[in-house]
Amino acid sequence: MTHRPTGEPLRSVRPHPADPLDDTPVASVTSVDARPPEPGTVDPAVLTALLHRHGWRRRGGAPGRYGRWTPPGPAAGVTSLLVPAGRAFPDSDDLLGEALLALSRSGTPAAREILLSLTVPSDEVRWGRDVPAGPGDAASWTAEEQLRSAARRMLLAGALATRARAGYYGARHRRAAGAALENVLVGPAPGGRRLTAFLPVTTGRPLAVRLHHAVCAAREAVDYRRATGGMEAFDSAVAAGVSHELTEALVALVRGTEGATIAVAWAPAAGVPEGCGALTEPVEFSPGDLPALREAAARYLRVEPSVPVRLTGTVVRMRRTGPRGAGTVRLRVLAGADVPHVRITLDEEAYRIAGHAHLVGLPVRVLGRLESRGGFRRLTGACEIAPVQVDDAERDRLLKAVQEHVEVAAHFEETCGDGGERGD
């Protein structure tokens, strides 16, 4: 047995191949400081609104001075909070401090969510699924995973819609949409049937508003499809943020259930956003809506047009079957389209130009059309390919990046025992 010296730092560990590589990270509520906020930072009106939202009831108290609030369920007879009506009285901070401490010691999901909303003013998106109960009224592991996966896909679809309006995004805007979810917090899901995401107002309100509008538009489009048989409502719903990605997320949420709901609640500290109602009713979907949602998802995928673009990128992979003739090139996109990589089939002369640019570390600029088939990862009709001049420092940086990419790709191919090109 060997022992590591006490002062030696730990080596970094590579991620296990089976670990999920999710490009849409969502933080957990448990990662937030669990201590209650300072009483001086809490608005009594906001705390009162949050208690009411989570089912607490006012059971008396001196009018205009404070209210006594009790939680729903069996704890109503043994727990109560005294919440001041404002800060006009000397004991207001003391009462707030005691109420916040009691919430922090409660340990219930509702208490944790109230404290989180006070610490980080957030709009809330709530998902619910009506699934069969298991032992102890708990949902199965699979049902909980399906809930979390569908919720994450729906948030990503909403984030994509804040970047642009499209019926199908594919690989477009994925990096920006994934970055928009980095500050989203997720609460626990007791029983595997409910899940809440907290979108901080400072960074996530556009996402919450867009998702709210998109879900309502999807509900109206489904109703129109079921009533008239027409798909026109889904075409117009694209302007509200409905897309292939959103309808697929709705299918994943509803499939295997007796029904599902999505509800949005605005942060009391920030008020109601423009164009939205103060009280938003949960939007419901049932298994009977699945055929219309699936039809819409396929329609969005089929009719989304290709996009004319002028791309600038670095060549990271080249392949052709012989020493001459046409070949396939993979570009790492630097500008011109919000996708990470594209594949291009070039004639012999264009392939030679791309090869020379690759050898000297220069990016190339090319004109063509991004094809929706395959997720906007392929450029067709490529023409006017030419190297792009850059300064020496940028050229050295690009050369280093390309060499690292090639070394990683070569190691991967050796490990897999297959030197052929792989799809994106």
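The chain contains 11 helices and 14 strands, assigned as DSSP runs (helices H or I, at least four residues; strands E, at least two) and numbered from the N terminus. The structure is a predicted model, in which local features need pLDDT of at least 70 and side-chain atom pairs count only at pLDDT 80 or more, whereas totals for chains, interfaces and linings use all residues. Residues are numbered from 1 along each chain as its sequence is written, and side-chain values use heavy atoms, with hydrogens and water left out.

Of the 424 residues, 43% are buried (under 20% relative accessible area, with exposed over 50% and partly exposed in between; 1.4 Å probe, protein chains only). Among contacts (heavy atoms within 4.5 Å) between residues at least 6 apart in sequence, 67% join residues at least 24 apart. In helix H3 (residues 109-119), the buried residues include Glu113, Ile114 and Leu115; their cover includes helices H1 (44-53) and H2 (92-106) and strand S5 (122-129).

The largest pocket holds about 1100 Å³ of space. A pocket is here an open set of points on a 1 Å grid over the protein atoms alone, where a 1.4 Å probe fits, with protein on both sides within 12 Å along at least five of seven lines; lining residues have an atom within 4 Å of a point. The volume is the space filled by probe spheres set on the points, which are joined across faces, edges and corners. The lining comprises 41 residues, of which His52, Arg53, His54, Glu124 and Arg126 are the closest to the pocket centre. Strand S8 (260-265) gives the most to this lining, with 5 residues.

A total of 16 salt bridges was found in the whole structure, each defined by a side-chain nitrogen of Lys or Arg within 4 Å of a carboxyl oxygen of Asp or Glu. Glutamate 124 pairs in this way with arginine 53, with the closest N and O atoms 3.3 Å apart. This pair links strand S5 to helix H1 across 71 residues. Glutamate 124 is buried at 0% relative accessible area, whereas arginine 53 is partly exposed at 29%.
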